[in-house]
Amino acid sequence: MGFMIMSDGNGGVTQVPNDILLNYIMKAGGDQIRVYLFLLMASQNPGAAGQISVEILADRFDMTERDISRILNYWKREGLLSLMYDDGKIMGITLHSPSENTGTADIYDYNDEALVAETSGRTVLIPDEPDSLPLKKAPENTKDRTPERTEYKPDVIDALCKDNEMQQTLKSVERALNGPITAAHMQLVMYLICDLRFDSSLVRFLYETGARRGKTSPKYLEAIALSWADNDIHTVEEARSESESRSGKYRYIFKALGIHRDAAPAEVDIITGWDTYGFSEEIIEEACKRTVLQTGDTNLNYVSSILSDWNKKNVRTIEDIKSLDEAYKKSKVASVRTHVQGKRPAAGAFRNFRGRDYSDEDYENMELQFLQQRRGTQ
């Protein structure tokens, strides 16, 4: 259900009292200012903005409905508007001028028919059956529009910290950090909430996750947050599910490599890239084992090179790998034979010693000696 915000003022012009500019706008955040000015315009210019609802505002400003509700409650606490509810939903808004700041009392349980409430010369109308209002939809793909970091000024941070929900979030962050919030962490929290649109519970879960892993640097936490944003993760349940999924996905890989910790974001990117090959866990685990045996290290890039080579050779099963090993072994035997035959004495050379016939087993032993000598020189 939508509602109309109307006013008896002159159309085409939106008047903003100086008191609001000096004492309210200057300390509010960007999104809070945008929403308030839009409501002010809609109230003074009947019909200019069409029908208004929390859903429509969220669509217009490319925010979530939770974001809009939080912003409306911010201005309610500032005393510049009051909200009308029906069955727990915001159904109407009444704007107040600063000089007539009547408090933040809300109105509940109005009758089923259209309700008209007059306050400070403005009228808020909530129709029973609002007509649909065509609006430009937010882009479906959020991965290509992750906002960049911006530096929040101290006065903006102070204004945002007046919000009760923000205060609770900061307290939970301090508990996770086991100490006061540094300037870097404060900037990160502002970015998470104001730009990435994380709610308080998701911010708390992010910091708690970092604390459990023993990694609470702003850079590390931001990398996780951006990964969640790129994957359209907006709730704690989604984040927990994604975390558990990754933990199970990477556990066998790290076990094969002898790594006993969680995957870092950079390592996650490398491992995720292996999905394009479509290999089974058995094949990936085999590549990890060979990496350790051949290099004595846990280099994921080396694992990637093995998997890339197998993919080029159309490997799909462990049997395919065994066939490649056998073919490689035969090629090495042939190489050793050629090497030995190439060292036979030329015509006219000293020949007082009887030549020796080599069996396949002899060639294999020589191959092993050759490979061992070659490795020892590297």
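Reply: The largest nonpolar core has 34 residues, and Val 189, Met 190, Leu 192, Phe 198, Tyr 207 and Trp 228 touch the most other members. A nonpolar core is a set of buried Ala, Val, Leu, Ile, Met, Phe, Trp, Tyr and Cys residues joined through side-chain atoms within 4.5 Å; buried means under 20% relative accessible area, exposed over 50%, and partly exposed in between (1.4 Å probe, protein chains only). This is a predicted model, in which local features need pLDDT of at least 70 and side-chain atom pairs pLDDT 80 or more, while totals for chains, interfaces and linings use all residues. Residues are numbered from 1 along each chain as its sequence is written, and side-chain values use heavy atoms, without hydrogens and water.

Me: Which residues does a second, separate core include?

Reply: In soluble globular proteins, nonpolar side chains tend to be buried together. Here, a second, separate core of 30 residues includes Leu 40, Ala 42, Ala 58 and Ile 68.

Me: How many aromatic pairs does the count come to?

Reply: Rings of Phe, Tyr and Trp (its six-membered ring) pair if their centres lie within 6.5 Å; planes under 30 degrees apart are stacked, over 60 edge-to-face, and the rest tilted. The count comes to six aromatic pairs. One of them, Phe 205 with Trp 228, is stacked, at 5.9 Å centre to centre and 25 degrees between the planes.

Me: Is Phe 205 buried or exposed?

Reply: Phe 205 counts as buried, at 7% relative accessibility, and Trp 228 counts as buried at 3%. Elsewhere, Tyr 36, Tyr 74 and Trp 75 form one aromatic cluster.
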